[in-house]
Structures are given as structure tokens and as C-alpha cells.
Amino acid sequence: MTLPSTIKLDNMRNMVTHFPQLLSSIELDSNLTKICKEYEEEGIVGICFIGMGGSSIAGSYTKAILQSSSEIPMMVVKDYVLPKCVGRNWIVIAVSYSGNTEETLSALDNATASGARRILITSGGEMSERKNETIIQLPGGLQPRAALPLILSAVLPVTEKLLNLVTTDLQTISSFLVKSSDEWGKWIELPIEIIKSISNSIPLFMGAEHLIPVAYRAKCQINENSKSVAFYSELPEANHNEIEGFANKYRTSVLPILLRSTQYHPRIAKRFDVTKSVYENMGLRTIEIFAKGDSAIQEMLSLTHYLDSVSVELADINGTDSLMVEKISELKKRL
Ligand code: PA5
């Protein structure tokens, strides 16, 4: 398993450009497929994804993509300790791109102690040295957040096999992503254009259903790549609290960016319309972004690819290096 030969590991813009290729660069080996089948036949009562930051996103995306087909619960844990219910007959899928993230290693120890079966996904570090584990070894050298498509190309098919579901054809999704990014400027403003409306505001990415993790990912990419403040929220919940929070004079610094889907429940679609109108009546500017695709996964990934690019454009405008995450590194060192 190797990275595309054209990828430049010292250039975030280049890594983001390779998003579609990274999505199709992993083939699960037959041994792993066999292990998943055995687990599935033995009986699984739940799947728990563990990981932090860039390594947690693939679990959230997989849960959002599969939860309408899965008959067992899936949960995402971003913490040191697993809930007590995660035990025998659970599968824990642990992801750490570096393999050294202490919260993930701690939660993994918890999983081992509780008797849960484990699948580890990493490019190296302490995680890759664990004995008696099933490990999917990823190629190293990427920034963890840029590795999302690569990580997803392992987490999604593994989960589909564990759940005995039809495996998504990631090659087709990858081709779709190439085509949809070639058409930026048609179905959606070019990243360099939309950034003009965003750069002097605090973006608040608002999603619902399968676009909730996409809104969260966008916030994280603006934080980590562009070194800017950003937030995310979800509908319908934001209609029950956040909507009251724009009464003071600072409200106009916030720019709600509504992530819209043709697949939303009709009442959710209506809520987006009304929320936009209420916010605009309060003097807020809003932006709507309509996802492209015929399925949840197509919508999620085409929007993610686009918003990742937006974060790189914003990094350029801010004159910041999107590769560096000095504060995260400092904090990890000081801990
Ligand atoms: O994107 C990043 O660099 C971070 O969010 C990391 O993903 C996070 O700190 C966890 O590290 P790792 O992905 O190596 O487990």
C-alpha cells in the first residue's frame, strides 16, 4: 500500500488536491476480510470507533454513512476511557495516524481489558508495535487530517464487512470526486471566490443528518489549516438554543454557513429555510452551500473535498502555514 507518486508531503494544497486518489488507494487484504467475516459470524453487538482529531473523523463519517443500514449501534469515542457497555462482542476500531496519541492508546487499553475485539489502523508509532493485534498499516508522511480519505478507505470497508453490508465502490466515488472538483466554479463558487465572503468573519458551519460530521470537519480544518476561529452546529438542535444567541452586538461577526442537502428530511429542509430567514432578519449575513451527489457518501465527500480546499485558501490569505500545528504539538509535549 503506497501513496500516489505525485503527492507532495510538504504541501497541504497538493495533499488536498489528491483527496480523490487517496480515497481509492487501499485494498483490504484477504486475511483482514477473513477476520471481519469471522467476527461477523461470531456475532457483534456494537462497533466503537476510537481516535482523536483528524484520526477520529473517518469513524464519524462511517457511522453517518452506515447508520441507516446497521442493525447494531455504532459509537465514536474521543476520550481516554470507553463506556462500560463496550465489552465482549463489541468491535473497537482504533485509529491513530501517528500511532502515538495518548487518549487513543488509553482507550485501546480499555478495549483490551474489556475483552472487545480490536482492529487498529495506523501508519506507525506505538500502535504499530502492539503485539497480537489486527493492524492495518497505512503509508506514513501525511498530515493526519489530510489522511482522512486514506483512513476512510480502510474504516468504511472494514465496517461494511463487519456488518455484512454491500461494500461501497470507492473507485467510483473517487472518479465522482475528480469530476465534481473539476466543476468547482459551476455547481459551487470556486474556493478562492467564496473565501472573499468568509475571510473577515467567524464561520459557523451548520449541518444536519449526514452533513453534521462534514460541518464539524470544516470547523476543524479552518482551525488547524487556516489558524482561524470557526464553529459548527447541527439542526434541528440549534433551533432550540443557538438561535437565541445572536441578540448582542457581536452577532454580525458570525457567518452561518448552511450546508444543505436534497436528501434531508422535509422538515429539516424547511428548518434551514426558516433559520436562514430568521438570521437574516436579525442582521446576520448567511451563506448556503448545496452538496452535490446522489448518495450520502457522495454529498459528504464532495463537500469535504471542497471545504478542505477552502481552508487552504484561507490559510494563504492569513499568511499561515497549513501544515504546521504548533499549538497542538506544544500541548502534546507539555502533557
Ligand atoms: O490533524 C491533526 O494533526 C490532529 O488533529 C491529529 O489528528 C490529532 O492530534 C491526533 O493525532 P493522530 O491522528 O496521529 O492520532
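Me: Which residues are around the ligand?

Reply: A residue is near a molecule if one of its heavy atoms lies within 4 Å of it. Here the residues around the ligand are Met52, Gly53, Gly54, Ser55, Ser96, Tyr97, Ser98, Thr101, Pro144, Arg145, Glu224 and Lys332. Bear in mind that this is a predicted model, where local features need pLDDT of at least 70 and side-chain atom pairs count only at pLDDT 80 or more, while totals for chains, interfaces and linings use all residues. Residues are numbered from 1 along each chain as its sequence is written, and side-chain values use heavy atoms, with hydrogens and water left out.

Me: How many residues of each class does the shell around the ligand have?

Reply: Ala, Val, Leu, Ile, Met, Phe, Trp, Tyr, Cys and Pro count as nonpolar, Asp, Glu, Lys and Arg as charged, and the others, Gly among them, as polar. The shell has three nonpolar, six polar and three charged residues.

Me: Which atom of the ligand does a polar side-chain atom of Thr101 lie 2.5 Å from?

Reply: For a polar contact, look for a pair of N or O atoms within 3.5 Å. In Thr101, the polar side-chain atom lies 2.5 Å from an oxygen atom of the ligand. For Glu224, the distance from a polar side-chain atom to a ligand oxygen is 2.8 Å, and for an N or O atom in the Lys332 side chain, it is 2.9 Å. The protein covers 94% of the 380 Å² of accessible area that the ligand has on its own (Shrake-Rupley method, 1.4 Å probe).

Me: What takes the space of the largest pocket?

Reply: On a 1 Å grid over the protein atoms alone, a pocket is an open set of points where a 1.4 Å probe fits, with protein on both sides within 12 Å along at least five of seven lines; lining residues have an atom within 4 Å of a point. The largest pocket is the space taken by the ligand, and its volume is about 610 Å³. Of its 23 lining residues, Met52, Gly53, Thr101, Ile328 and Lys332 lie nearest the centre. The largest share of this lining, four residues, comes from α13.

Me: Which residues lie nearest the centre of the second largest pocket?

Reply: They are Ala64, Gln67, Glu209, His210 and Pro213, from a lining of 19 residues. This pocket holds about 420 Å³ of space, and α4 gives the largest share of its lining, four residues.

Notes. Polar contact = N/O pair within 3.5 Å; in protein donor to acceptor, adjacent residues only side chain to side chain. Sits in = over half its atoms within 2 Å of the grid points. Points joined across faces, edges and corners; volume = space filled by probe spheres on them. Helix = DSSP H or I, 4+ residues; strand = E, 2+ residues; numbered from the N terminus.
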